[in-house]
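Dear colleague,

I am passing on the structure that we spoke about, so that you can look at it before reading my notes. Please open it alongside this message.

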Amino acid sequence: IGFKCPESKDIADFVQEIATSERDKYSTRANTPHSNQEIASAWAKSEFSTEKQNQIDFYSRKDLEGESRVEELFGKNTPKYANGLRQDISLVLQRQRKLFTRNKGYIIVRIIQAILLGVIIGTVFFDIGSTLDLQNVANVAQRYGLVFNMCLQSMLSGMAAVTTVVSQRPVYYKQSKNYFFRTASYVLADMVVGMPLQVLETVLNTTFVFW
């Protein structure tokens with residue numbers, strides 16, 4: 001109808017801007033529609049609209065048994081999810097891996113944080129000795145303090161992921177509501193993807209504390 005979507009433009013954003021005054025920058029000819037009413041009329045007369053209407057008529061047409069193809073596609077016997085559990089987990093795992101590895105700044109900060117905290121805790125409890133004297137209260141208290149700080153650091157290190165989880169919630173709610181994937185698949189994939197970084201953090205942290 002006289003508008004063209006640039007290759008670098010998202011299609012959804014393009015369609016939304018066509019209904020605004022920004023439509024002129026996508027115009028490809030002089031007689032393009034200049035109002036929403038003209039756009040709707042031009043679309044209804046285009047071959048694309050005719051093709052879509054034919055598709056709607058095809059799926060809405062009743063067969064000999066009185067059921068439409070839409071009812072056939074979305075009937076009671078249609079599975080809720082398009083993929084099986086194994087394929088579902090595999091697809092969500094690939095997606096979460098791409099999302100996780102894409103955020104390189106977050107990974108680098110977590111590694112640096114593990115190293116710095118390992119150095120700090122190791123310095124605070126430096127040279128406490130390799131033998132435990134149960135009669136020495138200070139000696140026992142130092143080890144309890146070291147274990148407590150290591151456990152606390154491990155628990156609080158996960159707080160850095162809170163902002164990422166919160167920002168992903170709207171996407172998860174939308175996709176889960178539309179049966180893109182199972183909740184169990186999402187939780188399992190997210191846990192598996194984040195596990196290597198957690199292991200690396202633990203190794204780096206304990207290495208600096210121990211040595």
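This is a predicted model: local features need pLDDT of at least 70, side-chain atom pairs count only at pLDDT 80 or more; totals for chains, interfaces and linings use all residues.

Residues are numbered from 1 along each chain as its sequence is written, and side-chain values use heavy atoms, with hydrogens and water left out.

I start with the salt bridges (a side-chain nitrogen of Lys or Arg within 4 Å of a carboxyl oxygen of Asp or Glu), of which a search of the whole structure finds three. One joins D88 and R182, with the closest N and O atoms 3.2 Å apart. Because D88 belongs to helix α5 and R182 to the loop between α8 and α9, this pair ties together parts that are 94 residues apart in sequence; helices here are DSSP runs of H or I with at least four residues, numbered from the N terminus. D88 is buried, with a relative accessible area of 2%, whereas R182, at 21%, counts as partly exposed; buried means under 20% relative accessible area, exposed over 50%, and partly exposed in between, with a 1.4 Å probe and protein chains only.

Another bridge is formed by R110 and E201, whose closest N and O atoms are 2.6 Å apart. This pair also links distant parts of the chain, since R110 is in helix α6 (residues 104-124) and E201 in helix α9, 91 residues apart. Both R110 and E201 are buried. In the bridge between K25 and E17, the N to O distance is 3.8 Å; here K25 is exposed at 54%, while E17 is buried at 18%.

Helix α8 (residues 162-177) has 16 residues that should span 22 Å at 1.5 Å a residue, and its end C-alpha atoms are 22 Å apart, which agrees; the expected span is 1.5 Å times one less than the number of residues. The buried residues of α8 are Y172, Q175 and S176, and their cover includes α5 (85-102) and α9.

After α8 comes Y179, with a positive phi near 60 degrees. Y179 sits in the loop between α8 and α9 and is partly exposed, at 41% relative accessibility.

Helix α9 (residues 183-210) also gives the most to a nonpolar surface patch, with six residues. The patch covers about 550 Å² and is made by L93, L188, M191, V192, M195, V199 and V203. Patch residues have over 30% relative accessible area and no salt bridge, with nonpolar side chains (Val, Leu, Ile, Met, Phe, Trp, Tyr) joined within 5 Å and like charges within 9 Å; areas come from the Shrake-Rupley method with a 1.4 Å probe, and for residues only the protein chains shown count as cover. Of these residues, V203 is partly exposed at 45%.

V193, by contrast, lies in α9 but is buried at 14%. Leaving aside neighbours within four places in sequence, V193 is in contact (heavy atoms within 4.5 Å) with L93, Q96, R97 and F100.

With best regards

Notes:
Helices (H or I, at least four residues) and strands (E, at least two) are DSSP runs, numbered from the N terminus.
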